[in-house]
Amino acid sequence: MNAISNPNSNRFLSLDMFRGLTICLMIVVNTPGTGAHFYDYLTHAEWFGFTLADLVFPSFLFAMGNAMSFSMGKMKESTARVFWKKVIRRSVIIFLLGYLMYWFPFFRQGMDGAWELKPFAETRIMGVLQRIALCYFATAIIFYYLSEKVAIIVSVILLLGYWAMLYLFGQSGAELEMATNAVTRLDLFVLGEGHIYKRDSIPFDPEGILSTLPSIVNVIGGFIAGSFIQRIGKSFEGIAKLLLVGFLLMALARWWDLVLPFSKKLWTGSFVLYTVGIDLSIMAVLIYFIELKQKHFGVEFTTVFGKNPLFIYLFSELFFITLRLIPVNSDMDAFEWVSERIFQNIFPGSFGAFVTAIVFMLVCWSLGWWLNKKRIYIKI
C-alpha cells in the first residue's frame with residue numbers, strides 16, 4: 001500500500017517525519033566517531049549556550065506529546081482504573097528499560113580477573129528513557145483530568161516554580177553552577193553519588209530529578225500542538241498560527257536568556273521555551289511542504305525511525321555500548337577501530353567522525369527498515 005497520503009487525509013506524514021528526524025539526529029549526536037574533533041553544532045553545549053545537538057532530546061519529548069494527543073481521546077473514554085493501569089505499566093516499563101540500559105552489560109571483570117555482577121550501588125538511576133517515562137506519566141495525568149487551558153497554566157507554574165527552586169535551594173551566589181545548583185544537590189541527597197552520571201567534569205546528572213519538572217512542559221507543548229493540528233487541519237491558517245506562536249516563544253526565550261541562560265543540562269525555562277518555539281516552527285514548515293505542497297522527499301526514509309522509535313533508540317545505545325566493550329587491540333575497541341582505521345583514513349578530520357556517526361545511524365535504520373517490512377511494531 002502506498003505510504004503517501006492526500007491533503008484531505010487525516011494522516012499527518014509531517015508528524016511522522018518530525019518524529020523520525022528526531023530519532024535519526026539523536027543517534028548521530030550520540031555516536032560521534034573518534035580520532036578527530038566532532039562538529040561543534042553536533043556536540044552539546046558545555047553548560048550555557050545552545051547547539052543543534054541540544055535540540056534533539058526536547059524535540060523527542062515534543063514528538064511524544066504529539067503522539068499522545070492522538071491517543072488521549074481513546075484513553076479518556078476508558079475508566080480511571082484502565083487509564084491508571086495502562087499509564088503506570090508503560091511508565092514503569094520505560095523507566096526500567098532505561099535503568100537496565102545503564103546497568104548493561106550487567107557483569108564486569110574484577111581486580112582478580114574473575115567476573116562479577118556490576119553492583120547496584122554504581123548504576124545510574126536517572127537517564128533519557130527514565131525522563132521520558134516520568135514526563136509521559138505526568139503529561140498523561142494532566143490531560144486526562146485537566147483541559148488544555150489549565151495545562152498551559154500548569155506549564156507556567158512548572159517553569160516559574162523551577163526557576164524559583166534553582167535560586168532558593170542552590171548555593172547562594174552560585175545557584176547556576178554545576179557543583180552547587182539545586183539539581184545537583186537534590187540528586188546527591190536523594191540518589192547518592194554512586195547513582196549519578198559521572199562522565200562530566202564532576203558527578204552531575206543532566207536528567208536529574210528536579211530538572212525533570214520543566215521538561216514536562218516540552219511534552220505538554222507537543223500535545224497542545226498536536227491537538228491544534230487535528231482541529232485546524234492541513235491549512236495555511238494553522239501553519240501561520242504555529243509559526244506565530246513559535247516566533248513569540250523564541251523571542252520570549254531570548255529575553256529570558258538574559259537572566260536565566262539557555263542550559264540543556266539544567267533544562268532551564270528559557271531553554272524549554274526556545275526548543276518548543278523551534279519545534280513549532282519546524283512542524284509548520286513540514287506541514288507546508290509535506291501536507292500542502294505534497295513534497296515527500298525523505299519521508300519514507302525518516303518514518304522508518306518513527307515506526308519503532310523507542311526500540312530503535314534502545315538498540316542504538318546497546319549496540320554502541322557493545323562495540324565499545326569489544327577490544328580489537330591494546331589501544332582500541334571495535335568502534336574506535338572502525339572510526340579511526342577506516343573512516344578517518346578515507347575522510348580525515350571532523351567529516352570522518354561525522355561519517356562514522358552517519359554509518360552507525362544507517363545500521364540502526366536498516367533494523368528499523370526490516371522491522372517495518374515485516375510489519376513488526378514494538379510498542380510498550
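Predicted model: local features only at pLDDT ≥ 70, side-chain atom pairs only at ≥ 80, totals over all residues.
**View 1. The largest pocket and its centre.** Welcome to a space of about 1500 Å³. Its lining counts 42 residues, and those closest to the centre are Tyr102, Arg124, Tyr197, Arg199 and Glu317. Here a pocket is an open set of points on a 1 Å grid over the protein atoms alone, where a 1.4 Å probe fits, with protein on both sides within 12 Å along at least five of seven lines; lining residues have an atom within 4 Å of a point. Points are joined across faces, edges and corners, and the volume is the space filled by probe spheres set on them.

**View 2. Helices and residue classes around the largest pocket.** At least two lining residues come from each of α1 (13-30), α2 (52-77), α3 (80-103) and α11 (309-325). The top contributor is α11, with six residues. Helices are DSSP runs (H or I, at least four residues), numbered from the N terminus. The lining holds 23 nonpolar, 13 charged and six polar residues; Ala, Val, Leu, Ile, Met, Phe, Trp, Tyr, Cys and Pro count as nonpolar, Asp, Glu, Lys and Arg as charged, and the others, Gly among them, as polar.

**View 3. The second largest pocket.** This one has a volume of about 1100 Å³. Look for Arg19, Ala67, Arg90, Pro309 and Lys379, the closest to its centre of 35 lining residues. α2 provides the largest share of this lining, nine residues.

**Notes.** Residues are numbered from 1 along each chain as its sequence is written. Local features need pLDDT of at least 70, side-chain atom pairs count only at pLDDT 80 or more, and totals for chains, interfaces and linings use all residues, while side-chain values use heavy atoms, leaving out hydrogens and water.
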